[in-house]
Amino acid sequence: MAVSLNILIVALSLIAFSPLCLSSKAYGSGGYLFPQFYDHSCPKAQEIVQSIVAKAFAHDPRMPASLLRLHFHDCFVKGCDASILLDNSGTIISEKRSNPNRNSARGFEVIEEIKHALEQECPETVSCADILALAARDSTVITGGPSWEVPLGRRDARGASLSGSNNDIPAPNNTFQTILTKFKRQGLNLVDLVSLSGSHTIGNSRCTSFRQRLYNQSGNGKPDLTLNQYYASVLRKQCPRSGGDQNLFFLDLVTPFKFDNHYFKNLIMYKGLLSSDEVLFTKNRESKELVELYAENQEAFFEQFAKSMVKMGNISPLTGARGEIRRICRRVNHAAY
């Protein structure tokens with residue numbers, strides 16, 4: 001899928017919405033985040049991130065969803081500190097090995113390319129955690145979604161948490177209440193849960209993440225009856241009872257590469273791919289009403305998604321003297337040489 005790079009770069013500034021008026025300060029220990037953090041120390045930082053995200057999208061239309069997911073999986077584990085990017089080392093067990101990330105988290109090479117370009121432009125200045133936050137915003141915009149000002153000033157963790165990654169990130173088979181509890185632990189609420197789940201308007205999921213819905217949802221050998229049965233029959237052709245674990249399926253079967261509100265329209269038609277998607281419509285009255293609102297009103301979804309992304313990006317940032325500015329995102333500085 002070849003896309004003109006120049007058109008994509010222009011689109012970042014033109015698509016859908018201008019930056020929304022959101023609260024842009026997030027307080028953390030020793031300082032706070034604000035969008036102008038690099039205006040003097042690295043004024044081209046956001047331009048560099050945008051251009052490399054655009055180039056990555058031109059080569060791989062799946063990449064925006066992958067970059068969005070990296071930011072989400074980072075923030076839910078010890079806060080938005082780029083711990084997800086760290087490789088195994090003598091003292092670090094990488095989060096890349098966790099169940100939510102193994103064989104599915106991707107886009108690390110794009111983050112490293114951005115980091116390398118920023119190190120050339122302004123050495124040891126822009127954190128990997130901020131790169132993840134900016135890349136998530138730019139990935140949303142370039143696929144047709146809303147824009148927002150990204151509060152900046154995060155620093156990078158010197159460690160990772162494999163157990164946190166395994167336990168704190170919502171799983172495709174979690175119950176509605178378990179997913180909501182995991183969001184609330186991060187200071188997020190039900191509105192954030194529903195709006196941020198809307199990021200599944202782009203991207204793919206593996207057969208292994210929803211197979212139980214097709215064959216044995218409740219342990220009784222029967223499929224999930226909240227999944228449209230014709231849709232289920234189509235899915236079974238490429239997701240058999242055994243084998244094909246890594247086969248990919250669109251999370252939004254209608255407009256899989258466009259950031260829009262079709263994800264919510266699909267839920268109403270019982271065509272959410274993951275159980276964790278469909279339960280937003282079937283298991284809670286308040287979340288069902290939000291699904292219906294966003295399915296009807298894309299602008300309402302976009303506005304809330306932007307607000308919730310800022311809120312998620314503010315989870316427990318390292319600021320001030322805490323953490324470091326990694327020179328290479330996949331390893332801490334003392335291991336860089």
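Over residues 1-30 of this predicted model, pLDDT stays under 50, and for that stretch the model has 63 contacts beyond four places in sequence. For the protein chain, the mean pLDDT is 91, and 90% of its residues reach 70 or more.

**His 73, a position annotated in UniProt**

- In an unreviewed entry, UniProt lists His 73 under "active site", and in the model this residue lies in helix α3, which covers residues 63-75.
- His 73 has a relative accessibility of 4%, and because that value is under the 20% cut-off, the residue counts as buried.
- When neighbours within four places in sequence are left aside, His 73 is in contact with Ile 84, Pro 100, Asn 101 and Ile 169.

**Thr 201, in a loop**

- Thr 201 is found in the loop that runs between helix α8 (190-197) and strand β3 (204-206).
- With a relative accessible area of 0%, which is under 20%, Thr 201 is therefore classed as buried.
- The side chain of Thr 201 makes a polar contact, at 3.0 Å, with the side chain of Asp 260.

**Leu 235, in helix α10**

- Leu 235 is found in helix α10, made up of residues 229-236, and because its relative accessible area of 4% is under 20%, it is buried.
- Not counting residues up to four places away in sequence, Leu 235 touches Phe 210, Leu 214, Leu 227, Phe 249 and Leu 273.

**Helix α12, mostly covered**

- Helix α12 spans residues 275-282 and is mostly covered, since seven of its eight residues are buried.
- The buried residues of α12 are Ser 275, Ser 276, Asp 277, Glu 278, Val 279, Leu 280 and Phe 281.
- These buried residues pack against several other helices, namely α7 (176-185), α8, α9 (211-215), α11 (262-268) and α13 (285-296).
- Helix α8, one of those packing partners of α12, is also the helix at one end of the loop that holds Thr 201.

Notes. Residues are numbered from 1 along each chain as its sequence is written. This is a predicted model: local features need pLDDT of at least 70, side-chain atom pairs count only at pLDDT 80 or more; totals for chains, interfaces and linings use all residues. Side-chain values use heavy atoms; hydrogens and water are left out. Helices (H or I, at least four residues) and strands (E, at least two) are DSSP runs, numbered from the N terminus. Buried means under 20% relative accessible area, exposed over 50%, partly exposed in between (1.4 Å probe, protein chains only). A polar contact is a pair of N or O atoms within 3.5 Å; within protein, one must be able to donate a hydrogen and the other to accept it, and residues adjacent in sequence count only if both atoms are side-chain atoms. pLDDT is the predictor's confidence in each residue, from 0 to 100. Contact means heavy atoms within 4.5 Å. UniProt positions are given in the numbering used here, feature names are shortened, and annotations may be inferred rather than shown by experiment.
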